[in-house]
Amino acid sequence: TALSHGTRTISYAELNKKSNQLARHLQKLGVKHGTLVGLNVERSIDVVVGILGIMKAGGAYVPLDPANPTDRLAQIVEEAKMPVIVMQSLAKQELLTHGAQTVVIDTDREKIARESDKNLELVTAAESLAYVIFTSGSTGRPKGVLVSHANVARLFTATENWYRFDENDVWTMFHSYAFDVSVWEMWGAILHGGRLVIVPYLVSRSPEEFYELVNAEKVTILCQTPSAFRPFIQAEEIAKEKHDLSLRKIIFAGEALDL
């Protein structure tokens with residue numbers, strides 16, 4: 001199993017085939033090496049299928065998390081001027097006003113499924129663009145940060161001796177895919193053959209439900225900001241039933257850690 005979300009799971013073979021089909025569909029829309037492609041989907045297996053499909057087509061993804069305010073999404077669309085957006089049918093209509101071609105990943109499933117699921121020729125290199133994430137804008141107008149495939153790979157080559165991740169690890173994708181920590185969570189699992197549990201948005205907002213999910217899914221690697229982890233500790237303290245969690249590493253990021 002590569003991914004799980006609620007009761008749905010997907011194998012590595014299926015994930016590879018679905019992303020190959022999406023990649024070919026995107027290439028027919030003109031996506032090629034270096035093309036920016038917006039991704040506007042709710043937290044689900046479609047997030048990872050979308051990211052892999054965009055990358056396999058040669059493009060770089062631009063997160064447009066529907067949980068973000070409409071004004072922020074519209075600003076990103078205006079700044080990035082991506083020619084194609086991968087979205088779901090529930091996407092905010094405001095995103096469609098700038099004239100990009102759209103792939104509606106849920107309603108277009110049959111059309112996408114008609115594409116070949118065989119592996120594509122590699123059209124990217126280490127220095128190729130992987131994604132563009134926009135800053136929060138807390139110090140002014142949000143700015144797009146361009147991140148290469150080499151930048152992402154270095155996260156794991158530089159820390160391999162510290163963590164020794166492997167195919168037995170279970171990770172959570174707790175954070176929004178518009179937040180850089182999600183890159184660590186997603187590739188930490190997939191690059192090592194582990195399993196990625198995509199945390200539903202409402203569960204990510206409830207420390208008690210998240211504590212139960214971490215136990216039920218036997219999560220071994222947890223990535224958190226310190227401010228998100230404190231409520232997790234409190235949830236365990238007040239839980240009626242204490243669990244013997246499977247965690248072997250808790251990795252903090254994003255904020256200073258007050259020991």
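Start with Lys218. It sits in the loop between helix H9 (207-216) and strand E11 (221-224). Helices and strands here are DSSP runs, numbered from the N terminus: H or I of at least four residues for helices, E of at least two for strands. Lys218 has a phi near 55°, a positive value in a residue other than glycine. At 53% relative accessibility, Lys218 counts as exposed. The cut-offs: buried is under 20% relative accessible area, exposed is over 50%, partly exposed is in between, with a 1.4 Å probe and protein chains only.

A word on the source. This is a predicted model, where local features need pLDDT of at least 70, side-chain atom pairs count only at pLDDT 80 or more, and totals for chains, interfaces and linings use all residues. Residues are numbered from 1 along each chain as its sequence is written, and side-chain values use heavy atoms, with hydrogens and water left out.

Next, Arg164. Its loop runs between helix H6 (160-163) and strand E9 (170-173). Phi of Arg164 is near 50°, again positive in a residue other than glycine. Arg164 is exposed, at 52% relative accessible area.

Glu241 lies in the loop between helix H10 (226-238) and strand E12 (249-252). Glu241 is exposed, with a relative accessible area of 52%. From Glu241 to Ile45 is 196 residues in sequence and 30 Å in space, C-alpha to C-alpha.

Now a buried loop residue. Thr35 is in the loop between H1 and strand E3 (36-40). Its relative accessible area is 13%, so Thr35 is buried. What does Thr35 touch, not counting residues up to four places away in sequence? Gly30, Gly58, Gly59, Ala60 and Pro83. Contact means heavy atoms within 4.5 Å. Thr35 and Ala60 are 25 residues apart along the chain, and their C-alpha atoms are separated by 6.1 Å.

On to helix pairs. Helix H1 (residues 12-28) packs on helix H2 (residues 45-56) at about 55°, with the axes 7 Å apart. Axes are lines fitted to C-alpha atoms, for helices over the stretch in contact, and angles run from 0 to 180 degrees between N-to-C directions. H1 and H2 are therefore oblique to each other. The classes: under 35 degrees is roughly parallel, over 145 roughly antiparallel, 65 to 115 roughly perpendicular, and the rest oblique.

Second pair. Helix H5 (residues 149-157) and helix H7 (residues 181-190) pack at about 70°, axes 11 Å apart. That makes H5 roughly perpendicular to H7. Val152, Leu155 and Phe156 of H5 meet Val183, Trp184, Trp187 and Gly188 of H7.

Last, the cores. A nonpolar core is a set of buried Ala, Val, Leu, Ile, Met, Phe, Trp, Tyr and Cys residues joined through side-chain atoms within 4.5 Å. Which of the 49 residues in the largest nonpolar core touch the most other members? Leu3, Leu26, Val48 and Trp187. H2 gives the most to this core, with eight residues. A second, separate core has 17 residues, including Val203, Leu213, Phe232 and Ala239.

Back to Trp187. Leaving aside neighbours within four places in sequence, Trp187 contacts Leu52, Met55, Val152, Phe156 and His192.
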